[in-house]
Amino acid sequence: MLIGSLAVLLCGCAASLADIRKTTPTQSGTFPAPPATLAACVQQNVERVLSPYQINQVASPDQKEYYITATRHADGVAKEPLIAFDLFLVAFDNGSLVELREGASDGHSLTRRVWPIVESCAQKTSGANSPSPSASPATPAPLTP
């Protein structure tokens, strides 16, 4: 499973959304902000990043789970869209559990910008001075301007 996931990520192949959601999160953490508010803020800020990817949000009927996914249609005959990232937010204790999974390698630059946006939105929407994420070991380096 892990080898297959790595092969998809390294080659930039069009992995299905279901396959990406089976992979280990690139980043994960908990934040003291409700998932609905956090998801809206993240989507709004990610849409401002110049990218060929379209940002989509889907919520569960009970509004406790949210997926924000960046997709684009590849040139050529690929039927499956390319997925830059899939962000999962779910109600957890008094806040949100957030998991970021990376997809196509050509979406890496967009994906690198998502986690700092999540952290910034968590600060804004929770009113706290700083979020208390419990980040996964695969924390990317800070973005340089």
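Biologist: Which class does Asp106 fall into by its relative accessibility?

Modeller: This is a predicted model, in which local features need pLDDT of at least 70 and side-chain atom pairs count only at pLDDT 80 or more, whereas totals for chains, interfaces and linings use all residues. Residues are numbered from 1 along each chain as its sequence is written, and side-chain values use heavy atoms, with hydrogens and water left out. Buried means under 20% relative accessible area, exposed over 50%, and partly exposed in between, for a 1.4 Å probe and protein chains only. At 41% relative accessibility, Asp106 therefore counts as partly exposed.

Biologist: How many residues apart in sequence are the parts that the pair of Asp106 and Arg72 ties together?

Modeller: A salt bridge is a side-chain nitrogen of Lys or Arg within 4 Å of a carboxyl oxygen of Asp or Glu, while helices (H or I, at least four residues) and strands (E, at least two) are DSSP runs, numbered from the N terminus. Asp106 forms a salt bridge with Arg72, and their closest N and O atoms are 2.2 Å apart. Asp106 lies in the loop between E5 and helix H4 (108-126) and Arg72 in strand E3, so the separation of the parts they tie together is 34 residues.

Biologist: Which word describes Arg72, buried or exposed?

Modeller: Arg72 is the salt-bridge partner of Asp106. With a relative accessible area of 19%, Arg72 is buried.

Biologist: Which residue in E5 stands opposite Asp86?

Modeller: Two strands pair if DSSP finds at least two bridges between them. Strand E3 (residues 65-72) runs antiparallel to E4 with 8 bridges, and E4 is joined to strand E5 (residues 95-102) by 8 bridges, again antiparallel. On the E5 side, the residue opposite Asp86 is Arg101.

Biologist: How many residues apart are Arg21 and Asp86?

Modeller: Arg21 forms a salt bridge with Asp86, with the closest N and O atoms 2.9 Å apart. This pair links distant parts of the chain, since Arg21 is in helix H2 (residues 17-21) and Asp86 in strand E4, a separation of 65 residues.

Biologist: What is the relative accessible area of Asp86?

Modeller: In strand E4 (residues 82-92), 9 of the 11 residues are buried, so the strand is largely enclosed by the rest of the structure. Arg21 is partly exposed, at 30% relative accessibility. Asp86 is buried, its relative accessible area being 1%.

Biologist: Which residue forms a salt bridge with Glu99?

Modeller: The structure holds 3 salt bridges. Both Glu99 and Arg101 are buried. With the closest N and O atoms 3.0 Å apart, the salt-bridge partner of Glu99 is Arg101.
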